[in-house]
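Hi,

Here is the structure I said I would pass on.

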Amino acid sequence: MLDNNQLLRFTTAGSVDDGKSTLIGRLLYDSKSIFEDQLKSIENTSKKKGHAGVDLALFTDGLKDEREQGITIDVAYRYFTTPKRKFIIADTPGHIQYTRNMVTGASTANVATILVDARHGVIEQTKRHAFIASLLNIPHVIVCVNKMDLVDYSEEVFNNIVSQFEQISSKMLIKDVRFIPMSALDGDNVVNRSENMPWYQGSPMLYMLETMHISSDVNKIDARFAVQTVLRPQSDSHRDYRGYAGRVASGVLRVGDEITVMPSGFTSKIKGINLYDQELEEAFAPQSVSIQLEDDIDISRGDMIVRSNNKPEASQDIEVMLCWLNSAGAKPRTKYTIKHTSNDQKAMIKDVVYKIDIETLNRVEGSADLNMNDIAKVKIRTTKPLMIDSYRENRSTGSIVLVDDSTNETVAAGMIV
């Protein structure tokens, strides 16, 4: 069985026709991660379209519209496993009008792979995707300089693109950036090392993904346990059992720890931790467990158990970088349901501080409306306090979604500033 830190989520981003879907198809094809019936179906489709070989992009372009137009519209998730790691890939669209899809696909990623066409270098869309990766605090970025076969595998072209990207990434909060020259179509430096670029001494993409250190990406310092439900089995073997079930959002909780329940502020100690029928001495993110306390405290869904010496901020007024997902746009003074960990409250957007111009990445102040794909800094007021950390410190307790009560649609996703 693979342990938790062996699951790596990565997202692919880049401009239209940079070869994202082809890269994922090559990754799945060369790592032997495709079922035979799937392979036969893609081979048949490729023949019908008049391709000499297998059209690798068809492995991810699952929507009929995408296959007809030859572009990726929705976020396509693909799963594959190698002996070293499990992977979840989010293949996101390249068009500006699908910014919201990129935000959704990238929000849980450990790694963002940004494709750059070697012929065109760093363009506006590259900057945009690097900005979103920085905004979403994705810990690792791999810049895949694709289509190197079309520039005669030139080391100079590759080095120029590296220097262009480093200039923009130095202005953003991206911690770990790596660069790979490749040809996704021919398989150079995707799964196997390229013989056409002996000047490149680094690893192929799959080896990089398999060996990348991601266990330290999770916040292990701030212990946060959002209660989802209270367990009272009432069976003969568990007559007096009262457990609080939920997921450890971050940090580590141990038996004997002094804890505070928020927002009530009551304190107690952890008496026991259960995972199914196992008794644990400690629980860590992202385990789902049941916690018993030494004292009977009134605790319900939405409360948070934290260490007494390390508490989140409890606030009804929060500042959020929001990506608007809904075509209807934001309605002024409308009440929404805000979902934060297991806590649901009513909320209202009080103020739009500024919007980000997706073309230039500059701030635009004085605009109060929010439309689909807009990214903006807003002030939100909630009916009851939320137990929050900033998204930069804790992606689990620093993220929210807004739901329209009249349609039950998720209209926005946000990162707490």
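D374 is buried in this predicted model, with a relative accessible area of 18%; buried means under 20% relative accessible area, exposed over 50% and partly exposed in between, with a 1.4 Å probe and protein chains only. You'll find D374 in the loop between β19 (363-365) and β20 (375-388). What does it touch beyond its neighbours within four places in sequence? L322, C323, W324, K355 and D369, where a contact means heavy atoms within 4.5 Å. A polar atom of the D374 side chain also sits 2.8 Å from the backbone nitrogen of N371.

Some housekeeping: residues are numbered from 1 along each chain as its sequence is written, and side-chain values use heavy atoms, with hydrogens and water left out. As this is a predicted model, local features need pLDDT of at least 70 and side-chain atom pairs count only at pLDDT 80 or more, while totals for chains, interfaces and linings use all residues.

Now the overall picture. The protein chain has 7 helices and 22 strands, taken as DSSP runs (helices H or I, at least four residues; strands E, at least two) and numbered from the N terminus. It runs to 417 residues, 54% of which count as buried. Take the contacts between residues at least 6 apart in sequence: 70% of them join residues at least 24 apart.

Strand β4 (residues 111-117) pairs with β5 in the parallel sense over 7 bridges; pairing takes at least two DSSP bridges. On to strand β6 (residues 176-181), which pairs with β5 in the parallel sense over 6 bridges. Here the chain crosses from β5 to β6 through helix α6 (residues 155-169), and this β-α-β crossover is right-handed.

Lastly, confidence. The chain averages a pLDDT of 86, and 88% of the residues score at least 70; pLDDT is the predictor's confidence in each residue, from 0 to 100. It stays under 50 over residues 1-5 and is below 50 over residues 63-68. Where pLDDT is low, the predicted coordinates should not be read in detail.

Cheers

Methods. Right-handed = clockwise from strand over helix to strand, strands pointing away. Polar contact = N/O pair within 3.5 Å; in protein donor to acceptor, adjacent residues only side chain to side chain.
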